Amino acid sequence: MTKTFFDYLNRAVMAAMANRLRNAIVVLSIQSVFAGAALAQAPVPVPKPAAPDFKSEWSKQENIYRSEGDKVPSGYTIDRSLSDYVRALAAGFDSKLAALTPADRWLDIGAGRGQAILDYFAPEYDITYPEGRAQRGIKAQTVAMSIEDRRTVEWRLIAANKSANRLQYWFNRRLRDYTLQESGQFQLITDVIGGFSYSTDLSFFMEKVISMLATGGIFYSVLQDVRSEAGTNEPYYEKAPFLTEIVNQKNEQLSVCSWLKRITCVEVICESKKGWRPPVQAYQVQKLCSDVKVPALTPVHFESGTPPERRYQLQD
Ligand SMILES: C[S@@+](CC[C@H](N)C(=O)[O-])C[C@H]1O[C@@H](n2cnc3c(N)ncnc32)[C@H](O)[C@@H]1O
């Protein structure tokens, strides 16, 4: 049966709720352990917290990436269409895509099955976006990147009918594993609940993304359930944290948007999307020059999920 967009939303909500419930249980058990310890011991100097050990959460996350058939968790959506991308990403995305020429390159990080790229090559695309059709010609060179190989028969058929660099699928590695020499640069990079939502090291991820953008190129991405730029919203689930959180050295919350705006040589636009449950923030990051410095973030919490729950501390 064809799944509707709302099926995906429901699945995402159910998965997030399960994730949050698990969190609550973990937090409660940690609190009880510490409460018991405090009663039993005389005051001693508080040891410095050990660096968080995320190994077991990473391995659970890896199982999600490698899941197949009915083992794929219901919240792990791998087949969003191009129109889903247009709805989720910032307002300028569809006109930027429609204006790409055959010499331009588009990278979709965390592409899953690569459905958005397939839709771009479908004949219906030119009917939907008649403007700029002549300039688009045979369309841009595209790369779908995914940790796991989710290519479908449809992908293989369409790719087989194009020249090698028109439709590529890179897999078995994460974004961080590609050198700039291998990847080259792109005029457009997208990420819809891909590496930007799943990466453990967000500042290194952004450094890589911007290094792969040509000057003038734009990165479009999105995050679910995060603090807004104005900082006026609360996490979507009661008693749960935001899904991606950044705190400063004093443990005060910062929005992802304000962190992105501290990156040098880029222009950032943040857009709160309406009608999404949980709420969604869209980001547009345009590279203006090459002296890019991304403020470093240290990962302090990672809990596997679809997407995972992450917290980072800004290094001043
Ligand atoms: C939930 S799927 C989203 C797929 C697609 N964007 C969609 O909306 O249907 C997550 C995708 O992100 C990929 N991914 C996660 N972290 C990544 C990283 N650091 N580098 C590259 N791909 C990553 C996964 O392999 C997978 O293809």
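**Reading the fold**

Modeller: To read a sheet, take the strand order and the sense of pairing. Here seven strands form an open sheet with mixed pairing, in the order β3-β2-β1-β4-β5-β9-β8. Its edge strands are β3 (167-170) and β8 (266-273), each pairing on one side only. From one strand to the next the twist averages 15°. Keep in mind that this is a predicted model.

Biologist: In which sense do strands β4 and β5 pair, and over how many bridges?

Modeller: Strand β4 (residues 186-191) and strand β5 (residues 213-224) are parallel, with five bridges between them. Isoleucine 189 stands opposite phenylalanine 219 in β5.

Biologist: Which strands form the other open sheet, the one of four strands?

Modeller: Its order is β7-β6-β11-β10, and the pairing is mixed. The edge strands are β7 (253-254) and β10, and each pairs on one side only. Between β10 and β11 the sense is antiparallel, with six bridges. Leucine 297 has leucine 314 in β11 as its bridge partner.

Biologist: How do I place the chain as a whole?

Modeller: Start with the totals. The protein chain has 12 helices and 11 strands. Of its 316 residues, 35% are buried. Sequence separation is another view: among contacts between residues at least 6 apart in sequence, 75% join residues at least 24 apart.

Biologist: Which strands does helix α11 lie across?

Modeller: Helix α11 lies across β4, β5, β8 and β9 (280-287), and it runs at about 145° to β5.

Biologist: Why is α11 described as largely enclosed by the rest of the structure?

Modeller: For a helix, count its buried residues. Seven of the 10 residues of α11 (residues 202-211) are buried, so the helix is largely enclosed by the rest of the structure. The buried ones are Leu202, Ser203, Phe205, Met206, Lys208, Val209 and Ile210.

Biologist: How many residues are in the largest nonpolar core?

Modeller: That core has 59 residues, and those with the most contacts inside it are Leu89, Leu107, Ile189, Val209, Val222 and Tyr283. Strand β5 gives the largest share, six residues. Take leucine 107 as a case: leaving aside neighbours within four places in sequence, its contacts are Val143, Met145, Phe186, Ile189 and Met212.

Biologist: Is tryptophan 170 buried, partly exposed or exposed?

Modeller: Tryptophan 170 has 18 C-beta neighbours inside 10 Å, so it counts as partly exposed; the threshold for buried is 20 or more. Tryptophan 170 is in strand β3. Not counting residues up to four places away in sequence, it touches Val143 and Met145. Tryptophan 170 and alanine 111 are 59 residues apart in sequence, and their C-alpha atoms are 9.6 Å apart in space.

Biologist: Where are aspartate 225 and lysine 239, and are they buried or exposed?

Modeller: Aspartate 225 is in the loop between β5 and β6 (244-247), and lysine 239 is found in the loop between β5 and β6. Neither is a glycine, yet phi is positive: about 50° for aspartate 225 and about 65° for lysine 239. Aspartate 225 counts as buried because it has 24 C-beta neighbours inside 10 Å. Lysine 239 has 9 such neighbours and so counts as exposed.

Biologist: Last, the ligand. How many residues surround it?

Modeller: For a ligand, list the shell, then sort it by residue class. There are 22 residues around the ligand, and the closest are Arg80, Gly110, Gly112, Ser146 and Gly195. The shell divides into 11 nonpolar, seven polar and four charged residues.

Note on methods: Residues are numbered from 1 along each chain as its sequence is written. This is a predicted model: local features need pLDDT of at least 70, side-chain atom pairs count only at pLDDT 80 or more; totals for chains, interfaces and linings use all residues. A residue is near a molecule or strand if its C-beta atom, placed from the backbone, lies within 6 Å of it. Ala, Val, Leu, Ile, Met, Phe, Trp, Tyr, Cys and Pro count as nonpolar, Asp, Glu, Lys and Arg as charged, and the others, Gly among them, as polar. A residue is buried if 20 or more other C-beta atoms lie within 10 Å of its own, exposed if 12 or fewer, and partly exposed in between; C-beta atoms are placed from the backbone. Helices (H or I, at least four residues) and strands (E, at least two) are DSSP runs, numbered from the N terminus. Two strands pair if DSSP finds at least two bridges between them. Axes are lines fitted to C-alpha atoms, for helices over the stretch in contact, and angles run from 0 to 180 degrees between N-to-C directions. Two residues are in contact if their C-beta atoms, placed from the backbone, lie within 7 Å. A nonpolar core is a set of buried Ala, Val, Leu, Ile, Met, Phe, Trp, Tyr and Cys residues joined through C-beta atoms within 7 Å.
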